Amino acid sequence: MKRAFFGGVHPKGYKELSREAAIVPLHPSVVSVAMSQHIGAPCQPLVKVGDRVTVGQKIGDGQGLCVPVHASVSGTVTAIEARPHPGGNLQTAIVIESDGRDTLCPTVKPRDPEAVAAMSAEDLIAVIREAGITGMGGAGFPTSVKLSSGLGKVDTVIVNGAECEPYITSDDRLMRETPERVVGGLRVVLQILQPKRAAIGIEQNKPEAIAAISAVLGSGIELLPLHVRYPQGAEKQLIQTVTGRCVPPGGLPAHVGCAVFNAATCAAIYDAVYLGLPLVRRAVTVTGSAIAKPGNFLAPIGTAYSDLVEAAGGFALPPYKVLCGGPMMGIAQYTLRTATIKGNNALTCYSDKDRHETPNPHCIRCGKCVEACPMHLMPLFLHRAVNRGDLERLDELHVMDCIECGSCAYGCPAGIPLVQSFRTGKKLVRDAAAREKAKKEAAAK
């Protein structure tokens, strides 16, 4: 490792709630597969109500920056309608009633390792695209596009096994239980990008995962135990830790010769390339003080949050907040009818004993948010600019560089909801840019 990143915080982990719980497969009776599970254009349905589908069958696709979605259970399409989405809005989803058989689609066929070794980079990227793989750490960027844009530009590939956010243990269990899938998927990435260096970074509070990965690592890949500090797993911070390189404001990892892939993404790549199985299920941690039996579950994409909670023993205490994700970057949910998507690694449920709210919070300009921000931003001034709607100031303070990690809000003694403020600020900037673009296009006609 080269150097530690600036800022960050050390929240209590609470990983002991679920880290010893092995991943348990779920078999929901109904799934709701959203057509928008990635950055880019949403998919268009390829099936209609009444159609029978099988596991791995492509049921939605689109053009441009888009990857397909697939049936995660076999059964009958009962509806194509707007359903609650983890992002907080409504999105078109294909509802499938399971027949309980999990019949595989005939297109799901394993590949011989020798055949995989002979495949070109373009052929492998095409397989990954057709498998619908996106970044599974939460970003949701199409993996095939990341690989294509990195060809000839990347000299370092990093696997993110840090899982630095409190409560979440799904990647930890994935690396402990199926390390060969993580390493195998990485080797596919190396075959595509041909980098000079490859590394897997795992925080030191996961010794079993480190041992499991080490046992199947082989040659040519470094295993780096990382210091436990949030947000160690953020893409730009991980690059700085591993290589000493700093991604410039507004830049991408490829601008400094790096590409970062989540451990679960690598496992999905392995499944797609070697097993022929698209991304139809993922490991999800269900945890928090409101949950009776926190655990990790292999959930078909489209599993309702209510089914996840039931699998974890239901609510031991009445929940006051349910988050898609962890406490630092998770998004509060308004209904348990919401269903899992590809980037959904956890469901964190809080009871009243975790309620920490400050009535009428006021900034005292203590500077703790500035010390905590890993992106070298000035959160207190950004917050003031958002409140004033000062677009020029928001641009000067680089609001679009905020990674929404929540470090500033965690350390704020006033309890100001800073992350929500910055999301509002980003929307103001994007809306202003869209208006300006529309104005110029209208003037050019």
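## Helix packing and local backbone features

Helix H4 (residues 170–177) passes helix H8 (263–275) in a left-handed crossing, a crossing being left-handed if the near helix is turned anticlockwise from the far one by less than a right angle, and right-handed if clockwise. Helices (H or I, at least four residues) and strands (E, at least two) are DSSP runs numbered from the N terminus. This is a predicted model, in which local features need pLDDT of at least 70 and side-chain atom pairs count only at pLDDT 80 or more, while totals for chains, interfaces and linings use all residues. Residues are numbered from 1 along each chain as its sequence is written, and side-chain values use heavy atoms, with hydrogens and water left out.

Two packed helices are described by the angle between their axes and by the distance between the axes. For H4 and H8, the axes come within 9 Å and cross at roughly 45°, where axes are lines fitted to C-alpha atoms, for helices over the stretch in contact, and angles run from 0 to 180 degrees between N-to-C directions. H4 is therefore oblique to H8 (under 35 degrees counts as roughly parallel, over 145 as roughly antiparallel, 65 to 115 as roughly perpendicular and the rest as oblique). On the H4 side the contact (heavy atoms within 4.5 Å) is made by Asp171, Leu174 and Met175, which face Ala263, Ala264 and Ala267 of H8. The residues of this contact of H4 with H8 divide into 5 nonpolar, no polar and 1 charged, with Ala, Val, Leu, Ile, Met, Phe, Trp, Tyr, Cys and Pro counted as nonpolar, Asp, Glu, Lys and Arg as charged, and the others, Gly among them, as polar.

A further helix pair is formed by H2 (residues 121–130) and H5 (residues 179–193), whose axes come within 8 Å and cross at roughly 135°. H2 and H5 are therefore oblique to each other, and their crossing is left-handed. Ala121, Leu124, Ile125 and Ile128 in H2 meet Val188, Gln191 and Ile192 in H5, and the residues of this contact divide into 6 nonpolar, 1 polar and no charged.

H2, H5 and H8 return in the surroundings of helix H3 (residues 143–150), for its buried residues pack against H2, H5, strand E12 (258–262) and H8. In H3, Thr143, Ser144, Leu147 and Gly150 are buried (under 20% relative accessible area, with exposed over 50% and partly exposed in between, for a 1.4 Å probe and protein chains only). These residues cover an arc of only 135° around the axis, which puts them on the same side of H3, the arc being that of the directions from the helix axis to the C-beta atoms. Just after H3, glycine 152 takes a positive phi of about 80°.

In the loop between strand E9 (156–160) and H4 lies threonine 169, which at 1% relative accessibility counts as buried; not counting residues up to four places away in sequence, threonine 169 touches Lys15, Ser18, Arg19, Glu163, Thr285 and Asn296.

Histidine 376 has a phi near 60° and is found in the loop between helix H10 (368–372) and helix H11 (379–388), where, at 55% relative accessibility, histidine 376 counts as exposed. Glutamate 404, in the loop between helix H12 (391–396) and helix H13 (407–411), likewise has a phi near 60°, but at 18% relative accessibility glutamate 404 counts as buried.
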